[in-house]
Amino acid sequence: MRPLPVAAALALSLVRGAAAAPPRKEGYGLPFDASADGFRVDELIHFTLLAIAVIFVIVAGMLLFSLVRHRRSHPARYTPGSKTSIGFALGFVALVLLAVDGTLFMHTIVDMRHVFWNFAAAESHPDAVRIEVQAHQWAWSGRYAGPDGKFNTQDDVVTLNDLRVPVGVPVVVQLSSVDVIHSMNLPNFRVKQDAVPGDVTRLTFEARTPGEYEIACAQHCGPNHYKMRGVLTVLPPERFAAWLRTVEADARRAYDPEDAEAHWGWDWRTR
Ligand SMILES: [Cu+2]
């Protein structure tokens, strides 16, 4: 095949880019945000970066000013400070605390309450997808309730390092662990939650962009921690329904009452 001229290749890539921007896999900046609410986290990170940059410029400017202004003509001497200088310092600290930390704190509380920890809203959605995840050294097992809608029954769908969710509806995950503390990290959805032996923890998110995304473990959980990777596949609703029908049929055929390792689920926790 003859190579495309550079200009034509560039034009083609621009057209392709405009049609559908593929999730970014590498480079600088935050991971591609495939979720409906990840922008809330990104806004806080960008606000923090901006605030730090502004404060850095102010402080560095003042230091530079003092350096240049006084140079060698200013012999060092101790001063306890004047009322004005102490007031200025305290005022600056109060301003940073209120404007930066206060803003971050208020937004965090509101976002947690209304979105990231709002399990009541997520669960009340008629099409909400519920998944049980069991973390173990060193993989993620997933469990879907199957046609009866109840977990830990014969028709459950059990997967390994493979979770699939539809786009546009809330997903609620209940998490546990059988050995050590793991942490389910979905960087493309801006959520992360510890999986703790003997407890059931939760996380919720809503996917916005179809694609394949990483499920990573964010707690160092043993020598093969780095291998603990799964794939979260976001599908259009009709393809998710088709996948579910297929794996439910497979699950009915594959059910083995003797296979104790596959029967790790629990009754869905409501609280
Ligand atoms: Cu782990």
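Me: What should I keep in mind about numbering and cut-offs here?
Reply: Residues are numbered from 1 along each chain as its sequence is written, and side-chain values use heavy atoms, with hydrogens and water left out. As this is a predicted model, local features need pLDDT of at least 70 and side-chain atom pairs count only at pLDDT 80 or more, while totals for chains, interfaces and linings use all residues.

Me: How many helices and strands does the chain have?
Reply: The chain has 5 helices and 10 strands, where helices (H or I, at least four residues) and strands (E, at least two) are DSSP runs numbered from the N terminus.

Me: And what is the radius of gyration of the chain?
Reply: The chain has 26 Å, whereas a compact globule of 271 residues would have a value near 18 Å; the radius is taken over C-alpha atoms, and the globule rule is 2.2 Å times the number of residues to the power 0.38. Along the principal axes, the C-alpha atoms fill a box of roughly 90 × 60 × 40 Å.

Me: What share of the residues is buried?
Reply: Buried residues make up 34% of the 271 residues, with buried meaning under 20% relative accessible area, exposed over 50% and partly exposed in between (1.4 Å probe, protein chains only).

Me: Switching to the metal, which protein donors does the copper ion have?
Reply: The donors are His-182 (ND1), Cys-217 (SG), Cys-221 (SG) and Met-228 (SD), lying 2.1 to 2.5 Å from the copper ion. Donors are N, O and S atoms within 2.8 Å of the metal (3.2 Å for Na, K and Ca), and since water is not among the atoms, sites may look incomplete.

Me: What geometry does the site of the copper ion have?
Reply: The site is tetrahedral, with angles of 89 to 126 degrees among its 4 donor atoms; four donors count as tetrahedral if all angles lie between 85 and 135 degrees.

Me: What spacing do the donors follow along the chain?
Reply: They follow H-x34-C-x3-C-x6-M. His-182 lies in strand E6 (residues 182-186) and Cys-217 in strand E9 (residues 211-217), so the pair ties together parts that are 35 residues apart in sequence.

Me: Are those cysteines buried or exposed?
Reply: Cys-217 counts as buried at 10% relative accessibility, and Cys-221 counts as buried at 4%.

Me: How many disulfides are there?
Reply: The count comes to 0 disulfides, a disulfide being a pair of cysteine sulfur atoms within 2.5 Å.

Me: Now Arg-143: where is it found?
Reply: Arg-143 is found in strand E2 (residues 139-144), and it is buried because its relative accessible area is 2%.

Me: What do its side-chain polar atoms lie against?
Reply: A polar contact of 2.7 Å joins the side chains of Arg-143 and Asp-156, and the backbone oxygen of Ala-262 lies 2.4 Å from a polar atom of the Arg-143 side chain. A polar contact is a pair of N or O atoms within 3.5 Å; within protein, one must be able to donate a hydrogen and the other to accept it, and residues adjacent in sequence count only if both atoms are side-chain atoms.

Me: Where is Asp-156 found?
Reply: Asp-156 is found in the loop between E2 and strand E3 (157-160), and it counts as buried at 5% relative accessibility.

Me: Last one, which side chain joins Asp-42 in a polar contact?
Reply: The side chain of Arg-190 does, at 2.6 Å; Asp-42 lies in helix H2 (residues 38-70).

How values were computed. Tetrahedral: all angles 85-135°; square planar, octahedral: opposite > 155°, others 65-115°.
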